[in-house]
Amino acid sequence: MKRPLLVGFLLIFTFWTATSFAADPYKWTGFNAGIQGLGADGNTDWTYTSSNNTVDHRISGAMAGLFVGYNYQFPFNLVVGVETDINYGSIRGHEVCPNPDWIGESKVNWLGSTRLRVGYAFNRFLPYIALGPAYGRVNVFTKNNGSDEEFGETKTYLGFSPSVGVDFAVSKNLFVRAEYDYIYLGKKDMTVDFGNVVDTKVAFSEVKFAIGFTF
């Protein structure tokens, strides 16, 4: 008896939720802001310009931050918007250099993006794609295994970020989000131990979850 009652309750709840949402069409037009967290995993590729030796290594970590944006919903349910975000935390990794007395390490200290978003509203569900510039502060350095010696540079990288995600409106002013991003921060020459120059490429994937408020 318990299983049919449970199934019946779930069917009634699903029908009630669907009809309630249908009776109250949601509009995505307006300003929004919120908080978010992300987990990242990817690679940093090092190439010594003088020798072509490589010190490629995996980077991973987590960040948290804020976002603000604006959406406009057209009468045929197309939603276009722009959004910018900033995140702080640590995405880092390391690998042994060609000289085993040294370790090469890369660390993303903060990360941001400004993207154009295009989606289609299914009432309270808004699947979307996004694209725009991504930027971050990256520390690249080498450190000696046997001492506290450390040499490197910190620079701001600029690249791009394609994304795909979905927003769901929990209430009139509250929504939740799940998103996947590919972050390509580009390449820069960085000086490490003994004046060596390494060409560094930073790229990774991230999964992001957020809570937002519309105004």
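Reader: Which residue has its charged end over the ring of Y128, and what makes that a charge over a ring?

Author: In this predicted model, the charged end of R117 sits over the ring of Y128, at 4.2 Å from the ring centre. A charge sits over a ring if CZ of Arg is within 6 Å of the ring centre and within 35 degrees of the ring normal, and the 4.2 Å given for R117 meets the distance part of that rule.

Reader: How do you know that R117 is buried?

Author: The relative accessible area of R117 is 3%, and buried means under 20%, so R117 counts as buried.

Reader: Why is the contact of R117 with D167 called a salt bridge?

Author: The side chains of R117 and D167 come to 3.3 Å, N to O, and a salt bridge needs a side-chain nitrogen of Lys or Arg within 4 Å of a carboxyl oxygen of Asp or Glu, so the pair qualifies.

Reader: What makes R58 exposed, while D41 is called partly exposed?

Author: R58 has a relative accessible area of 54%, and exposed means over 50%, so R58 is placed in that class. D41, at 33%, is partly exposed, because that class lies between 20% and 50%. The side chains of R58 and D41 meet in a salt bridge of 2.6 Å, N to O, and this pair links strand β2 with strand β1, 17 residues apart. A search of the whole structure finds 14 salt bridges.

Reader: Why is the pair of F67 and F175 called tilted?

Author: The planes of F67 and F175 are at 55°, whereas stacked needs under 30 degrees and edge-to-face over 60, so the pair falls into the remaining class, tilted. The centres are 6.3 Å apart, and rings pair if their centres lie within 6.5 Å. F67 is in strand β2 and F175 in strand β7, so the pair ties together parts that are 108 residues apart in sequence. F67 and F175 are both buried, and together with Y26 and W28 they form one aromatic cluster.

Reader: What makes the pair of F74 and F76 stacked?

Author: The planes of F74 and F76 are at 20°, with ring centres 5.6 Å apart, and planes under 30 degrees apart count as stacked, so that is the name for this pair. F74 is partly exposed at 30% relative accessibility, whereas F76 counts as exposed at 51%.

Conventions: Residues numbered from 1 in each chain as written. Predicted model: local features only at pLDDT ≥ 70, side-chain atom pairs only at ≥ 80, totals over all residues. Heavy atoms only, no water. Phe/Tyr/Trp six-rings, centres within 6.5 Å; stacked < 30°, edge-to-face > 60°. Helix = DSSP H or I, 4+ residues; strand = E, 2+ residues; numbered from the N terminus. Buried < 20%, exposed > 50% of the residue type's maximum accessible area, 1.4 Å probe, protein only.
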